Amino acid sequence: MLLSADEAILSRHRLPQPYRALLTVFWLTPAVLLTLTLIVAHGRGAVDARLFAAVVLMLLPAFYIWREGVDATPSSLIRRIHVPQRYRYVVLTRWEYVENTGVLRVWDKAGHIALECRAAHLTEFASLIERLETCVKACADVQSGA
C-alpha cells in the first residue's frame with residue numbers, strides 16, 4: 001500500500017483543470033457510447049459479463065488520467081505516473097528544474113530518475129519545488145552529518 005491510513009497528504013499535484021476533466025471525459029465517451037448503443041439496439045439483454053469486461057477495460061485510461069500525478073507527504077513523495085511508487089526523501093539525492101524546458105528531474109541514491117515531469121503538467125508546481133528543496137536538502141544534510 002502506498003499510503004497508510006494515518007499519513008497525511010500535504011499536497012497533490014495533478015494535471016490542471018479543465019485538461020484533467022476533459023481528458024477523462026474523452027476516455028469515458030467510447031465506453032458510454034458502446035454501452036448505450038448496445039442497450040438501445042438489443043435491450044437489456046445486451047448487458048452481460050462480456051460487455052462489462054470490455055467497458056471496464058475501456059475505463060482504465062480514464063482512471064489512470066484522473067489519478068496521475070505526484071503526492072507529497074511528510075516523509076515521502078508518491079509518484080502516480082505509470083506505475084505508482086513511493087520515494088522516501090532519504091532515498092532522493094538531488095533534483096533539478098530546467099526552467100527553459102520546464103522539466104523537473106529527481107534522482108535517487110542509485111542514480112536513477114525517480115521523477116520526471118513538466119511544470120505545466122502539474123498543479124501547485126511551486127509548492128512541490130519548495131517541498132523538494134526543504135526535504136531533500138534536509139535529508140542530505142542529516143546523512144552527511146551537518
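Q: What pattern does the protein chain follow, read along the sequence?
A: This is a predicted model, and its chain runs β-α-α-β-β-β-β-β-β-α. That comes to 3 helices and 7 strands.

Q: Why is the protein chain called more spread out than a compact globule?
A: Set the value against the rule: for 146 residues the globule rule gives 15 Å, but the radius of gyration is 20 Å, well over that, so the chain counts as more spread out than a compact globule. The C-alpha trace spans about 70 × 35 × 25 Å along its principal axes. For another distance, take Gly 43 and Arg 118: they sit 75 residues apart in sequence, and their C-alpha atoms are 46 Å apart in space.

Q: Why is Gly 43 called partly exposed?
A: Buried means under 20% relative accessible area and exposed means over 50%. Gly 43 has 25%, so "partly exposed" is the label. You'll find Gly 43 in the loop between H1 and helix H2 (49-67).

Q: And what makes Leu 23 partly exposed?
A: Its relative accessible area is 35%, which lies between the 20% and 50% cut-offs, so Leu 23 gets that label. Leu 23 belongs to helix H1 (residues 19-42).

Q: What makes a set of residues a nonpolar core, and which residues have the most contacts inside the largest one?
A: The members must be buried nonpolar residues joined through side-chain atoms within 4.5 Å. The largest such core has 21 residues, and Leu 77, Tyr 89, Leu 92, Leu 104, Leu 115 and Leu 128 have the most contacts inside it. At least two residues each come from strand E2 (69-72), strand E6 (103-108), strand E7 (113-118) and helix H3 (125-144). H3 gives the largest share, 7 residues.

Q: What is Tyr 89 in contact with, leaving aside its neighbours within four places in sequence?
A: Its contacts include Leu 77, Pro 74, Arg 131, Cys 135, Val 136 and Cys 139.

Definitions and conventions:
Residues are numbered from 1 along each chain as its sequence is written. This is a predicted model: local features need pLDDT of at least 70, side-chain atom pairs count only at pLDDT 80 or more; totals for chains, interfaces and linings use all residues. Side-chain values use heavy atoms; hydrogens and water are left out. Helices (H or I, at least four residues) and strands (E, at least two) are DSSP runs, numbered from the N terminus. Buried means under 20% relative accessible area, exposed over 50%, partly exposed in between (1.4 Å probe, protein chains only). Contact means heavy atoms within 4.5 Å. The radius of gyration is taken over C-alpha atoms; the globule rule is 2.2 Å times the number of residues to the power 0.38.
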